Amino acid sequence: MQCGRARAARMTLPHYVCETPMFMPVGTQGSVKGLTSRQLEELGCQVVLGNTYHLENRPGSELVAEMGGLHSFINWPRGMLTDSGGFQMVSLLHLADITEEGVTFQSPTDGRRMLLTPEHSIQVQNRLGADIIMALDDVVPSTAADDARFEEATHRTTRWIDRCIAAHGRPTEQNLFAIVQGGLDERLRDISLKGLVARGTPGYAIGGLAGGEDKRSFVKVVSQCTAGLPDGKPRYVMGIGYPLDIVICSALGADMYDSVYPTRTARFGVALVPEGVLKLKNAQFAADYRPLDEECGCMVCRRYSRAFLHPLAAKGLPFATNLITYHNIAYMMRLSQQIRDAIKEQRYPAFVRDYVARQFPAGDYPEWVVESCRLAGIELGSSGGGAGDGKAAAADGSAAAADGSAAGAAAAAGGSRQGGAAADGAG
């Protein structure tokens, strides 16, 4: 089903039939911090993401395989996706040595060295047994000022996909996704797109973003890549977790997203709401007896008030973190469902306009939001000049607003708006 460039579809995986667009919580070592597999299931999570590098470090893919694979190991009956370990080229850059053979990491825990080649990455992921596995790509931070390095990484990523395909031992059981690279360079992205699409993998990811680039460049790359990828295969924008970014990227034709943002920001006492975020450590919530989100029917919003959560969050108690994490994942699942419903009912442009208006009630839409909506064929109306380009948030996801606090939304939400692209570090 399509509405403009936005699309809603079903994706059949070995363990689950998923509906897209969808958000995937990150469980770096197989578990989403603060939540059980049963809770994730009751919240409507369809796919959980695991990290190949960290899972191979501990507990080890051979042990996981002996336990029946990752699904059995973590007691998760639905879809799973494992990344290739490529992101660690960015997050552990100071511990990594990248060559044509692969990337050698020094373990941040015990100092052991691991050579991760395309073949090794696929072999590890074959043992882990996720429904979707990612090709090892050569990842360069989007903000790097090294044109030669981007050129090298783009062509190396294409060479590595052939090695990944050749090494893939379970092609009928696991879906191998290629990852489009090329930085912010339109020419390199086009080279990567054409080379990877020619390989005909079951799905494609858009990588190398959410690393601090300006929002106009981010949206431009997403728009270019979604337009160039096949219509009948999933499109996965890696590392995207801010709700506004997901609404925008879905308008541009993307299908899948992952990020630690909803869970990591919960550990800072920040709850997601339609107007932006609530920073529950702030004293203004001490006597606020409303639920986190009056539109949310999750267990936390039904049973607990902002006033109850405020002192717990201010003290950093794990109980508060778990409750806010539960709510934040509930929010992301509800937003994903709202996006799908709006596409199916052919009202996605109206949904986007309403969503953006709640985020920016004064009408001060950032220019990048207006421009990205135009790329999707959606007119927002007049803008008050707003926040300009915007910057992607820091990789730690601890800050809720890339474009700063805003009086209108802050007054309504008791916090600030979110607006950047969260990176996909350890969750």
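Which residue stands opposite Asn51 in E7? The legends below answer that and take a tour of a predicted model.

**About the model.** In this predicted model, local features need pLDDT of at least 70, side-chain atom pairs count only at pLDDT 80 or more, and totals for chains, interfaces and linings use all residues. Residues are numbered from 1 along each chain as its sequence is written, and side-chain values use heavy atoms, with hydrogens and water left out.

**View 1. Strand E6 pairs with strand E7.** Asn51 stands opposite Asp83 in E7. The two strands, E6 (residues 47–51) and E7 (residues 79–83), run in the parallel sense and are joined by five bridges; two strands pair if DSSP finds at least two bridges between them. Helices (H or I, at least four residues) and strands (E, at least two) are DSSP runs, numbered from the N terminus. Five of the five residues in E6 are buried, where buried means under 20% relative accessible area, exposed over 50%, and partly exposed in between (1.4 Å probe, protein chains only). One side of E6 carries Val47, Leu49 and Asn51, the other Val48 and Gly50, and both faces are covered. In a regular strand the side chains alternate between the two faces of the sheet.

**View 2. Thr52 sits in helix H2.** Helix H2 covers residues 52–57. Thr52 counts as buried because its relative accessibility is 1%. Leaving aside neighbours within four places in sequence, its contacts (heavy atoms within 4.5 Å) include Asp83, Ser84, Ser121 and Leu128. Gly30 is 22 residues from Thr52 in sequence, and their C-alpha atoms are 9.6 Å apart.

**View 3. Strands E8, E9 and E10 make an open sheet.** The order is E8-E9-E10, with antiparallel pairing. E8 (96–98) and E10 (113–116) are the edge strands, each pairing on one side only. Neighbouring strands are turned by 15 degrees against each other on average, direction ignored; here axes are lines fitted to C-alpha atoms, for helices over the stretch in contact, and angles run from 0 to 180 degrees between N-to-C directions. Four bridges link E9 (residues 103–106) to E10. Val103 stands opposite Leu116, and Thr104 has Leu115 as its bridge partner. Met114 and Leu116 form the covered face of E10, while Arg113 and Leu115 form the uncovered one.

**View 4. Helices H7 and H8 meet along their sides of contact.** The axes of H7 (residues 147–167) and H8 (residues 186–197) come within 10 Å and cross at roughly 5 degrees. The two helices are therefore roughly parallel; angles under 35 degrees count as roughly parallel, over 145 as roughly antiparallel, 65 to 115 as roughly perpendicular and the rest as oblique. Among the contact residues are Phe150 and Ile161 of H7 and Leu188 and Ile191 of H8.

**View 5. Leu280 belongs to the largest nonpolar core.** A nonpolar core is a set of buried Ala, Val, Leu, Ile, Met, Phe, Trp, Tyr and Cys residues joined through side-chain atoms within 4.5 Å. Helix H14 (residues 318–344) gives the most to the core, with 13 residues. A second, separate core of 18 residues includes Met11, Leu81, Ile132 and Met134.
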